[in-house]
Amino acid sequence: MVGKIEARGPAPRHERVLAWYDRHGRDLPWRVRGGPHPDPYHVWLSEIMLQQTTVAAVAPYFRTFLRLWPNVAALAAAPVEEVLDAWAGLGYYARARNMHRCAQVVCADFDGAFPDDEMRLRGLPGIGPYTAAAIAAIAFGRRARVVDGNVERVVARLHAVEAPLPGAKAALGDLAAALLPAGSAGKFRYGDFAQAMMDLGATVCLPRAPRCGVCPLVCDCAGRAAGIAETLPRRADKVPRPTRRGIAFWIEGPDGAVLMRRRPKSGLLGGMMELPTTDWREAPWIPEEVQAMAPAGTAWRPLPGLVRHTFTHFHLELAIWAGSPTDAGDAAGDWIPAQDLAALPLPTVMRKAVAHALARV
Ligand code: SF4
């Protein structure tokens, strides 16, 4: 008698995604593959650094932070200025200040151990819903809805969601959560699944040219079937960014040292070193105003050209005025020898401004 061959459908989506991850997931410095959960300190550090920042940019900073501060207690005990200096160049500096405060709260209120559930994680400085979910899933194996931009793209295409972001965010989150298997708490690899979905978006379901031929979800993908995958997710028209303008002062002392100062602790680039600057505003500056705001009296000369930088909410055009006041003794800040400026931890906009000035004075 000939045995019946049963027709089998494809494995459930979550199994296919995990099997793909086991073979093709990225090896990243903060990841543990095929073993116990990674150290929550490492997961937290990497997730804060990865907010609005690429994996390639984060990797060297992650290694530096671990070398300088191998655990949360060491980070909590460090002066915040040192943490900001180590963060210089990574951008979104409020993250570094919040990270330092968070380390202190974890040590003071949780005995140096990160809480293992989303609700308490959300109560910590700098940890929003996404980061709390990512830490809960990856570091503690909790069932959590971990939806970053990569996951939104995969889910929007998988279900051919044409409603634009950001309005569609909640619906995409629901669809992402529906990919998790029901009723398997404690057994399912929630952390690996979260990272698998992120990797799928980052390496296969690419924004412009998805590599559907190697995608574990290709046989279910409604966006691909409809021929609209590349156009998803849709986005509502962005409000154009305004342009703000400022003047930075290149102040040389008699010995050639340059005056730098630390920005106020709160606000944009809070606590970072900078060339002294005016406010940054949309209205152009007139010379009389600039003279009045200069940290010292001298014959200022505007250097040719502008330094341009784009922040999340505005473009900045920075003009640089140079001068060598005979008496700048009262100006607040630190005098840095010009040859040491390149090694100074500076935010990117100030690194550009220093390079611009050095090439022109
Ligand atoms: Fe993205 Fe293509 Fe996979 Fe659909 S089949 S999820 S479009 S990579």
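Helices here are DSSP runs of H or I with at least four residues and strands are runs of E with at least two, numbered from the N terminus, while a contact means heavy atoms within 4.5 Å.

Before going further, note that this is a predicted model, in which local features need pLDDT of at least 70 and side-chain atom pairs count only at pLDDT 80 or more, whereas totals for chains, interfaces and linings use all residues. Residues are numbered from 1 along each chain as its sequence is written, and side-chain values use heavy atoms, with hydrogens and water left out.

**The whole chain**

With everything displayed, the secondary structure of the chain comes to 14 helices and 7 strands, and the C-alpha atoms fill a box of roughly 105 × 50 × 30 Å along the principal axes. Of the 361 residues in the chain, 46% are buried. Among contacts between residues at least 6 apart in sequence, 68% join residues at least 24 apart.

Helix α11 is mostly covered, as 12 of its 14 residues are buried, among them Tyr-190, Phe-193, Met-197, Met-198 and Leu-200.

Two packed helices are described by the angle between their axes and the distance between the axes. For α9 and α11 the angle is about 80 degrees and the axes are 8 Å apart, where axes are lines fitted to C-alpha atoms, for helices over the stretch in contact, and angles run from 0 to 180 degrees between N-to-C directions. The two helices α9 and α11 are therefore roughly perpendicular to each other, on a scale that counts angles under 35 degrees as roughly parallel, over 145 as roughly antiparallel, 65 to 115 as roughly perpendicular and the rest as oblique.

To see the residues involved, show the side chains of Asn-150, Val-151, Arg-153, Val-154 and Val-155 in α9, which meet Met-197, Met-198, Leu-200, Gly-201 and Ala-202 in α11. By class, this contact of α9 with α11 has 7 nonpolar, 2 polar and 1 charged residues, with Ala, Val, Leu, Ile, Met, Phe, Trp, Tyr, Cys and Pro counted as nonpolar, Asp, Glu, Lys and Arg as charged, and the others, Gly among them, as polar.

**Phe-140 in helix α8**

Now move to Phe-140, which is found in helix α8 (residues 129-140) and, at 24% relative accessibility, counts as partly exposed. Leaving aside neighbours within four places in sequence, Phe-140 is in contact with His-37, Pro-40, Phe-114, Pro-115, Asp-116 and Ile-135. A distance drawn from the C-alpha atom of Phe-140 to that of Gly-201, 61 residues apart along the chain, comes to 23 Å.

Most residues other than glycine have a negative phi, and most peptide bonds are trans. In the loop between α9 and α10 (169-177), select Ala-160, which has a positive phi of about 50 degrees although it is not a glycine and which counts as partly exposed at 22% relative accessibility. Pro-166 also has its place in the loop between α9 and α10, and the peptide bond from Leu-165 to Pro-166 is cis, with omega near 5 degrees.

Another cis bond runs from Leu-232 to Pro-233, with omega near -5 degrees; Pro-233 lies in the loop between α12 (222-225) and β1 (243-251).

**The sheet β3-β2-β7**

Finish with the open sheet, where 3 strands follow the order β3-β2-β7 with antiparallel pairing; two strands pair if DSSP finds at least two bridges between them. Strands β3 (273-274) and β7 (334-337) stand at the edges, each with a single partner strand, so one side of each is left without a neighbour in the sheet. Strand β2 (residues 257-262) pairs with β3 over 2 bridges, and Arg-262 has Met-273 in β3 as its bridge partner. The pairing of β2 with β7 runs over 4 bridges, and here Val-258 has Ile-336 in β7 as its bridge partner.

Note on methods:
Buried means under 20% relative accessible area, exposed over 50%, partly exposed in between (1.4 Å probe, protein chains only).
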